Amino acid sequence: MSNKIKFHLPGLRYNFPLNMTLVGMMKQHPEWFRQDVVIGSFFGEFPTSRWNGGRFSGGDQCDAEFVRRVVSTVNAAGIPIRYTYTNPLINEYDLEDDYCNFCMQVADNGMNEVLVFSPVLEAYIREKYPSFKINSSTCKEIRDPDALNEELNRDYALVVLDYNLNNQFDLLEKIEKKDKIELLVNACCIPNCPRRGAHYREIGKQQAIALKNRTCPANHQIPVPEWHCEYGEQNNIYTIQEYPTFISPEAIYEKYVPMGYTNFKLEGRTANLFNLIETYSLYLVKPEYQGLARLEFERQLWQHKVISINKPRPGRFTR
């Protein structure tokens, strides 16, 4: 794996059909895919997890059998799952959450990973689930090269870089353990988004309310506050390409890999399915096969009823 270019891809629930379609296509048509590309992990949560950070999935939850099936299916393909447990509002009471601990127990086989932000949660996971690889979250917003090198010297498998540093090559050269850095290449946030931290905290509040509502009768439900961001909410894989934080597939091969960077993250846990198909095709598939790959994604997802195509209803000619 050391010479491979590892892409970490979004979604454990909603993107599960798409991701397993990708796994099958990479086996069936390896000639379609870029040289040395492998799947480093599938990341996310089984919503709604109290420890989750980064995206709010609406408040529903998965049943136990689904969690077991996804973990076993992904791991059987030789791919780790990575929980994004980066809620910045975690407290000691939250550590005993039954659902999150169940998800950890199901994946506690020495193969899987967890992304952390809260020191309280990190200490708990290290003690209770020592088989998990621990990764350091971009939510820490570490921008000083000396502080980054200190973080890389800690007991983390990977450190996800603040996306604002993506194309600051003078700083990137100063990073000592480049193979332990993960770069978020397709951030939908604008550079230096002034609401990024507030958004993470709001997601923690939304989840807490949604989970509390699950225990309350309908007439005692608390409205979950909505979040709207004027800085990037409507972005997609094409609108972000002018941002200085965007990393193109060509740059990955021509600049980052020669420097020693080999871990790249594609965000999109709650993204539109068709935007994800475009994103996967752009980064993982050779340009000359991207049209074929898009069609195969769509065909298989239609065949498995993930995508539905409505036909005109039959009628009868009348005057």
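**Exercise 1. Is N75 buried or exposed, and what is its relative accessible area?**

Before starting, note that this is a predicted model, in which local features need pLDDT of at least 70 and side-chain atom pairs count only at pLDDT 80 or more, while totals for chains, interfaces and linings use all residues. Residues are numbered from 1 along each chain as its sequence is written, and side-chain values use heavy atoms, with hydrogens and water left out.

*Solution.* Step two is to apply the cut-offs, by which buried means under 20% relative accessible area, exposed means over 50%, and partly exposed means in between (1.4 Å probe, protein chains only). The relative accessible area of N75 is 11%, and therefore N75 is buried. Step three is to look at the surroundings: the side chains of N75 and N109 are joined by a polar contact of 2.9 Å. A polar contact is a pair of N or O atoms within 3.5 Å; within protein, one must be able to donate a hydrogen and the other to accept it, and residues adjacent in sequence count only if both atoms are side-chain atoms. Setting aside neighbours within four places in sequence, N75 is in contact (heavy atoms within 4.5 Å) with P80, I81, N109, M111 and N112.

**Exercise 2. Describe the setting of H8 and find its side-chain partner in a polar contact.**

*Solution.* H8 has 2% relative accessibility, so it counts as buried. The partner is N263, whose side chain is joined to that of H8 by a polar contact of 2.9 Å. When neighbours within four places in sequence are left aside, the residues in contact with H8 include G40, S41, R82, E182 and N263.

**Exercise 3. Compare how α1 packs against α10 and against α9.**

*Solution.* Take α10 to begin with: helix α1 (residues 16-28) and helix α10 (residues 290-303) pack at an angle of about 125°, with their axes 10 Å apart. Here the axes are lines fitted to C-alpha atoms, for helices over the stretch in contact, and angles run from 0 to 180 degrees between N-to-C directions. Angles under 35 degrees count as roughly parallel, over 145 as roughly antiparallel, 65 to 115 as roughly perpendicular and the rest as oblique; α1 and α10 are therefore oblique to each other. On the α1 side, P17, L18, T21, L22, M25 and Q28 meet A293, E296, F297, Q300 and L301 of α10.

Now turn to α9 (residues 273-284), whose axis comes within 11 Å of that of α1 and crosses it at roughly 25°. By the same cut-offs, α1 and α9 are therefore roughly parallel to each other. The contact is made by L18, N19 and L22 of α1 together with L273, L276, I277, Y280 and L284 of α9.

**Exercise 4. Which residues does F33 touch, and where in the chain does F33 lie?**

*Solution.* F33 is placed in the loop between α1 and β2 (37-44). With a relative accessible area of 5%, F33 is buried. Not counting residues up to four places away in sequence, F33 touches L22, M25, M26, L284, V285 and K286. Finally, compare sequence with space: F33 and Q290 are 257 residues apart along the chain, yet their C-alpha atoms are separated by 9.0 Å.

**Exercise 5. Examine the backbone at P47, E141 and K305.**

*Solution.* P47 and T48 are joined by a cis peptide bond with omega of about -5°, and T48 is found in the loop between β2 and α2 (64-76). E141 has a positive phi, near 55°, in the loop between β5 (133-136) and α5 (145-152); at 37% relative accessibility, E141 counts as partly exposed. K305 also has a positive phi, near 65°, and its place is in the segment after α10. At 74% relative accessibility, K305 counts as exposed.

Methods
Helices (H or I, at least four residues) and strands (E, at least two) are DSSP runs, numbered from the N terminus.
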